[in-house]
Amino acid sequence: MQHFTSVYDLPNLTEAINTAREIKNNPYGYQYLGKNKTIVLIFFDSSLRTRLSTQKAAMNLGMNTMVLNVNQDGWRLESEMGVVMDGDKPEHLREAIPVIGRYCDIIGVRAFARFESKEDDYTEKILNQFIQFAGVPIISMEAATRHPLQSFADHMTIEEFKTRARPKVVLSWAPHPRALPQAVVNSFVEWMRQTDYDLVVTHPKGYELDPRFMGNLEVQYDQDKAFDGADFIYAKNWSSYTQYGEILSKDMNWTVTAQKMALTNNAKFMHCLPVRRNMIVTDEVLDSPSSIVIDEAENRVYSAQAVLKMILEA
Ligand code: SN0
């Protein structure tokens, strides 16, 4: 595997999940694989799990890690081509990226959707400049349209907790005070469509995702019907794709409550975190044994480690 930006980069999905699960059982089994190799993690946006789990994954493989928080520690970086750089950004990505590439063997990049231009976001303008100019493998640590390390851990977690071969997995929109990217859900839907799970997506009208991610999956607009018999409830807020970046609803009737969880087949509750308590999900659900959000976050280490292993072995 050269780069990791979506599920399509994995040579074999089943093998990738098995590798991550083996690593979980034996995290130091490949502790020399990354000896004298360096990974640079570049953050244009905030992070807790992605930063620590990717760093931990690299350390378990014996790699060195360096972290750069672009907007706080580094120069602010220009990403537009052909501009007169007379503003507040002293350095262009065109130099910064290949320079960073000379200092390491793998680069991890986090660059969320900016919501300034749907086209710029959906053509992955920043991520693709990294792929084009770095000269080393690139791992997406959440780009504008996808969060594949999260989806990998989500899939692994469902495999661990499922109680039947073909679980019903429900992705539910839930309310949030801010406009959030579609990356986590695009990626989740795209990834889940590669499995044989029974995937159901539910959201209020106006929150339809890009058809490139949804394929021919139909939306169930009735959240209660979606929850009926579910084995997993994956809650997440996202802003509108069609009315790009807008908040169309903060309807608290979509918050995941114990009452709604009662409609399910004793479902496990999942969320990528950070989660807004009593907006997305009530305390009662999040603090109940049904919630597997901490296991899900733990699996970020092993899925990232599987990705790094596949790149180091390529
Ligand atoms: C990010 C998102 O893409 O939705 C990262 C999730 C892994 N989430 C947020 O930015 C949440 C911020 C907030 O204000 O709750």
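User: Which residue in β5 stands opposite I39?

Analyst: I106 does. This is a predicted model, in which local features need pLDDT of at least 70, side-chain atom pairs count only at pLDDT 80 or more, and totals for chains, interfaces and linings use all residues. Residues are numbered from 1 along each chain as its sequence is written, and side-chain values use heavy atoms, with hydrogens and water left out.

User: In which sense do β1 and β5 pair, and over how many bridges?

Analyst: Strands are DSSP runs (E, at least two residues; helices are H or I, at least four), numbered from the N terminus, and two of them pair if DSSP finds at least two bridges between them. Here β1 (residues 38-43) and β5 (residues 106-110) pair in the parallel sense over five bridges.

User: What order do the strands of the open sheet have?

Analyst: Read across it, the four strands go β2-β1-β5-β6, with parallel pairing. At the edges sit β2 (64-69) and β6 (138-140), each pairing on one side only. Neighbouring strands are turned by 20° against each other on average, direction ignored; axes are lines fitted to C-alpha atoms (for helices, over the stretch in contact), with angles from 0 to 180 degrees between N-to-C directions.

User: Where does the largest pocket lie?

Analyst: On a 1 Å grid over the protein atoms alone, a pocket is an open set of points with protein on both sides within 12 Å along at least five of seven lines; in a cavity a 1.4 Å probe fits but cannot get out, and lining residues have an atom within 4 Å of a point. The largest pocket lies between domain 1 (7-146 + 300-313) and domain 2 (150-297), because both give residues to its lining. Those bounds come from an automatic or database domain assignment. The pocket's volume is about 600 Å³, meaning the space filled by probe spheres set on grid points joined across faces, edges and corners. Of its 28 lining residues, R110, F112, E142, L180 and P274 lie nearest the centre.

User: How much space lies in the second largest pocket, and which element gives the most to its lining?

Analyst: About 420 Å³. Its lining has 21 residues, with S79, K89, R114, E116 and I126 closest to the centre. Helix α6 gives the most, with three residues, while β3 (77-78), α5 (118-122) and α6 (125-133) each supply at least two.
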